[in-house]
Amino acid sequence: MDELRKRAKELLEAGTVKVVIGYENGTAGRTRALFAEEPKAAEKLIFDSRCIMNLASYITKAEVKAKGKMAIAATLPVMRAIIQLASEFQVSDNNLLVLGITPESTMIEFKDIAEVEAFVHKYEIEIEAKYSEKLEKLNKMTPSERWNFWIEELSPCFKCYACRAACPMCYCHKCTVEFNQPQWIPVPSHDLGNLEWHMMRAIHLAGRCVDCDACYNACPLGIPLNLLTKRMLIDAKEHFGGYQPSIKADHLMSTYKPDDKDNFIM
Amino acid sequence: MSKIGVFVCHCGENIGATVDCARVAETSGKLDGVAYSVDYKYMCSDPGQSLIKSAIAEKGLTGVVVAACSPRMHEPTFRKACAEAGLNPYMCEMANLREHVSWVHEKGEATTEKAIDLVRILVEKVKYNQSLNAIKVPVTKTALVIGGGIAGIQASLDIANTGHKVILIEKDPSIGGHMSQLSETFPTLDCSQCILTPRMVEVAQHPNITLYSYAELESIEGFIGNFKAKIRRKSKSLDEKLCTGCGLCTTKCPVKKIPSEFNEGLGMRTAIYVPFPQAVPNKPVIDREHCTYYLKGKCRICEKVCPTQAIRFDQKDTIEEVEIGAIVLATGFSVKQPDFFPEYGYGKYPDVITGLQFERLASASGPTLGEIRRPSDSKVPQNIVFVACAGSRDEAKGIPYCSKICCMYIAKHAMLYQHKVHGGKSYVFYMDIRAGGKNYEEFVRRAIEEDGVNYVRGRVSRIYEKNGKLIVKGVDTLLGAMPVDIEADMVVLATAGVANNDAEALAQKLHVSYDAYKFFAEAHPKLKPVETNTAGIFLAGACQAPRDIPESVSMASGAAVKVACLFSQDELTRDPLIAVVNRMAPPVYSSCVGCFLCVSACPYQAIEKEEIKNRAGEVIKTLARVNPGLCQGCGTCVAFCRTKSIDLQGYTHEQMYTEVMALLNEY
Ligand SMILES: Cc1cc2nc3c(=O)[nH]c(=O)nc-3n(C[C@H](O)[C@H](O)[C@H](O)COP(=O)(O)OP(=O)(O)OC[C@H]3O[C@@H](n4cnc5c(N)ncnc54)[C@H](O)[C@@H]3O)c2cc1C
Ligand code: SF4
Ligand code: SF4
Ligand code: SF4
Ligand code: SF4
């Protein structure tokens with residue numbers, strides 16, 4: 001990724017952007033986010049198969065935005081998140097420059113987010129076979145089997161909210177779990193409280209989740225939360241014509257069209 | 001500390017016979033925060049209301065729960081009573097012990113328990129109620145009437161005559177609707193055009209009416225008293241101010257073989273045309289789909305012959321933006337067309353026609369100048385068959401309802417035929433004769449008894465051609481289902497009256513409900529026949545269900561009165577049960593993160609963006625804001641907002657949560 005390092009350096013030198021967000025080597029063979037503000041820091045930028053964290057979760061943070069215009073090294077899932085965030089008015093061409101990293105590991109500098117969208121739309125969001133098989137199995141369960149499955153899977157969750165912190169779409173200042181007048185979602189991490197938290201989170205990601213798996217990767221307990229969001233992506237495809245983040249198209253969950261399918265109404 | 005009063009109504013026997021009202025009152029009296037409870041035979045009666053008023057005064061009640069009927073019936077009554085006693089009306093809630101309890105359950109222990117539960121949850125809710133003030137909004141005293149058939153014409157004239165402005169839009173080049181196509185009208189056999197055209201002219205000349213023909217509703221926003229409409233005025237390719245309506249262009253246009261819509265395809269028209277001689281406005285439009293110039297880039301003959309140079313080939317559609325306070329929907333109906341009746345050979349045999357086509361044949365202004373001549377060879381049919389209920393009352397065809405007008409116009413058609421073709425034989429295949437209406441039964445009897453029309457009770461199964469005759473195969477159910485075959489020269493199908501193709505789309509544009517057949521739905525089948533469920537939008541004529549002229553006109557006058565009532569006020573008061581986006585102290589300002597997904601979710605376009613600026617005028621945060629004038633309190637945004645930044649006044653998160661918890665908790 002010499003190309004990336006070179007361009008990041010140029011951008012910082014020219015003052016076009018104030019910070020470049022990318023990956024650097026962390027401890028114990030892991031990677032972490034790099035916020036390069038000096039041209040020299042750009043040399044630390046790396047990109048390889050370990051770089052799976054969704055960097056878009058940083059671009060909505062007030063302290064990062066406060067630095068000034070940002071550039072971001074963005075893989076496909078990160079680009080998807082950027083488009084969705086732009087459609088929700090959280091970032092714009094004014095404060096973000098996208099240095100795309102293609103699936104072939106080459107760099108493309110995009111003129112604007114519309115261009116990012118045109119590029120991203122060449123790729124469908126596809127659910128990996130191992131997940132779709134699992135989901136198919138879940139679908140075949142009786143409601144009570146499925147209930148037990150989830151109670152069991154979610155029961156170890158101790159509400160550290162690492163999933164939320166890692167998710168680019170969980171940028172709200174005050175999450176529903178923190179809403180306490182009234183306390184819709186119970187604070188304690190008992191079975192029901194966990195279920196409510198995850199159901200709530202999943203539904204808030206319907207039509208927004210970009211399938212980056214950052215939540216799942218962040219969970220210290222390896223809870224398969226991404227099964228919930230993947231289920232919704234499949235449903236979106238079956239009932240609403242599929243999900244692709246877009247700054248032009250209407251939001252999947254909040255808009256109604258006369259020709260929408262209604263086969264899910266019982 | 002709350003002091004809540006619970007008032008349990010027996011509604012005579014309605015609730016009292018099923019629910020133990022005394023026990024409901026007694027148990028409620030023991031609930032936390034309840035200072036007074038009582039049951040009474042008729043709470044909505046004067047003494048009932050006095051009971052509430054005096055309890056408020058004497059016990060110093062802070063909230064009231066009336067356990068009675070549906071809030072749709074009496075909420076205004078009880079809120080008003082509370083207000084009169086000095087309590088904010090929005091501190092009063094109703095538990096529905098009638099529609100939700102006594103009318104749907106058997107008498108018994110569980111039923112009374114349910115009644116107590118309903119009271120309990122509302123007692124808990126009222127503890128979180130807040131005093132609210134009604135919202136006042138101004139009224140724009142101009143009405144929009146959509147559709148210029150007889151219903152739209154009548155509604156426009158009636159409203160205009162009360163002194164208010166009317167904008168009438170008609171999608172076709174002329175107003176008049178179906179009535180302008182009719183020959184004579186039942187039950188009096190007076191000429192349709194003769195009674196209609198004076199009204200059409202009156203519309204054109206009325207100082208309070210602006211007529212936009214060849215125009216359709218593009219979009220609408222706003223709410224009762226304050227709608228904003230965009231009207232698309234389709235290009236007529238004509239400068240209407242210059243055109244004198246001389247008609248020279250229509251005589252010179254070389255494209256002469258376009259089936260005329262007005263004549264139901266039985267006559268031809270030119271590409272630049274006026275649909276019929278008495279059209280209002282009587283000025284032509286160019287049909288761009290058929291005009292040689294638009295198709296091939298050459299011709300412009302009309303432009304050359306026009307003495308006032310009124311033709312405008314490059315004219316574009318224009319969008320007119322208007323502000324209106326009320327809408328009358330009068331878009332009428334359609335009749336089922338060919339392809340729907342393969343078994344009757346419609347579309348295959350030219351002499352199988354629809355009732356509407358028969359009207360054109362019988363009409364003096366029609367293609368045969370009023371002589372009954374069949375389309376295939378212009379011969380006068382000596383044997384004619386009328387088929388009632390073609391499509392109507394037929395589950396298999398998806399139209400189980402009765403189209404209502406057909407029985408009457410068939411009798412009319414058969415009568416007109418007998419008057420015009422002496423010695424001709426006419427047959428009517430019918431299921432039942434539905435002639436309810438003043439002088440209607442007499443009219444049908446006249447057809448049978450005086451004009452000798454043969455009525456055969458039975459359905460026609462098939463029509464086919466043999467040796468130049470149309471063989472109509474049916475049965476006579478009054479003769480033990482005896483097969484009847486008639487050799488006819490012409491067959492007229494009374495095809496079902498159905499909603500317009502664009503009815504559903506229009507209803508969705510206006511947020512008006514519609515029934516399973518896409519006819520617009522009235523707000524109440526008995527008590528609100530001309531209202532829709534959307535405040536400020538009214539219905540007239542056949543857009544609500546198949547209707548004849550007298551009914552369409554009555555509805556139109558009814559709708560006009562509703563509009564006039566609305567316009568008699570300068571301001572409307574609305575319930576303040578609307579959504580509000582929370583506001584907090586700086587630097588947060590609100591828990592709203594400005595994702596504006598609520599903007600797209602709101603069906604009433606009530607949510608706007610609000611910029612919070614610092615002293616230097618820089619935008620520091622962009623938040624959602626609900627426009628109180630536009631919000632209808634539907635709550636869609638509340639359900640949608642992930643950050644729970646929106647609350648619905650009168651149905652807040654706290655109130656809803658408390659209600660649920662009250663239900664789950666033992667008492
Ligand atoms: C064959 C036949 C014979 C009949 N004979 C009789 C009779 O003898 N006596 C009797 O009382 N009744 C008779 N009727 C019934 C009569 O035609 C109706 O009662 C009457 O036409 C209803 O009037 P309307 O204004 O509601 O609808 P319509 O006449 O259908 O008028 C609706 C108008 O709205 C316009 N429009 C539609 N959609 C839009 C839109 N989206 N935007 C703008 N404009 C729009 C249409 O172009 C039309 O001009 C007969 C009906 C038929 C089919
Ligand atoms: S990261 Fe895992 S443990 Fe933590 S809140 Fe999310 S699901 Fe629960
Ligand atoms: S929910 Fe998980 S998979 Fe979806 S966008 Fe957030 S982090 Fe990525
Ligand atoms: S009110 Fe809620 S849904 Fe609307 S913009 Fe704010 S956070 Fe988004
Ligand atoms: S409650 Fe919300 S969604 Fe409904 S009309 Fe009001 S602002 Fe719109």
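Guide: A salt bridge is a side-chain nitrogen of Lys or Arg within 4 Å of a carboxyl oxygen of Asp or Glu. This is a predicted model, in which local features need pLDDT of at least 70 and side-chain atom pairs count only at pLDDT 80 or more, whereas totals for chains, interfaces and linings use all residues. Residues are numbered from 1 along each chain as its sequence is written, chains are lettered from A and ligands numbered from 1 in the order in which they are written, and side-chain values use heavy atoms, with hydrogens and water left out.

Visitor: Which residues are linked with K6(A) in a network of salt bridges?
Guide: Over all chains, the structure holds 61 salt bridges. In one network of such bridges, K6(A) is joined with R7(A), E10(A) and E109(A).

Visitor: Are K230(A) and D213(A), which meet in a salt bridge, buried or exposed?
Guide: Their side chains come together at 3.1 Å, N to O. K230(A) lies in helix α10 (residues 226–240) of chain A and D213(A) in the loop between α8 (191–204) and α9 (214–218), so the pair ties together parts that are 17 residues apart in sequence; helices (H or I, at least four residues) and strands (E, at least two) are DSSP runs, numbered from the N terminus. With buried meaning under 20% relative accessible area, exposed over 50% and partly exposed in between (1.4 Å probe, protein chains only), K230(A) and D213(A) are both buried.

Visitor: How many residues apart are K141(B) and D570(B)?
Guide: The side chains of K141(B) and D570(B) form a salt bridge at 2.7 Å, N to O. K141(B) sits in the loop between β5 (135–138) and β6 (142–146) of chain B, and D570(B) in the loop between α16 (549–567) and β30 (571–574), which puts these distant parts of the chain 429 residues apart.

Visitor: How many residues of the shell around ligand 2 are charged?
Guide: The shell has 13 residues, among them C157(A) and Y161(A), where a residue belongs if one of its heavy atoms lies within 4 Å of the ligand. Ala, Val, Leu, Ile, Met, Phe, Trp, Tyr, Cys and Pro count as nonpolar, Asp, Glu, Lys and Arg as charged, and the others, Gly among them, as polar. On that basis the shell divides into 11 nonpolar, 1 polar and, as for charged residues, 1.

Visitor: Which residues does N133(B) touch?
Guide: N133(B), in the loop between α6 (109–127) and β5 of chain B, is exposed at 64% relative accessibility. Taking contact as heavy atoms within 4.5 Å, and not counting residues up to four places away in sequence, N133(B) touches N88(B) and P576(B).
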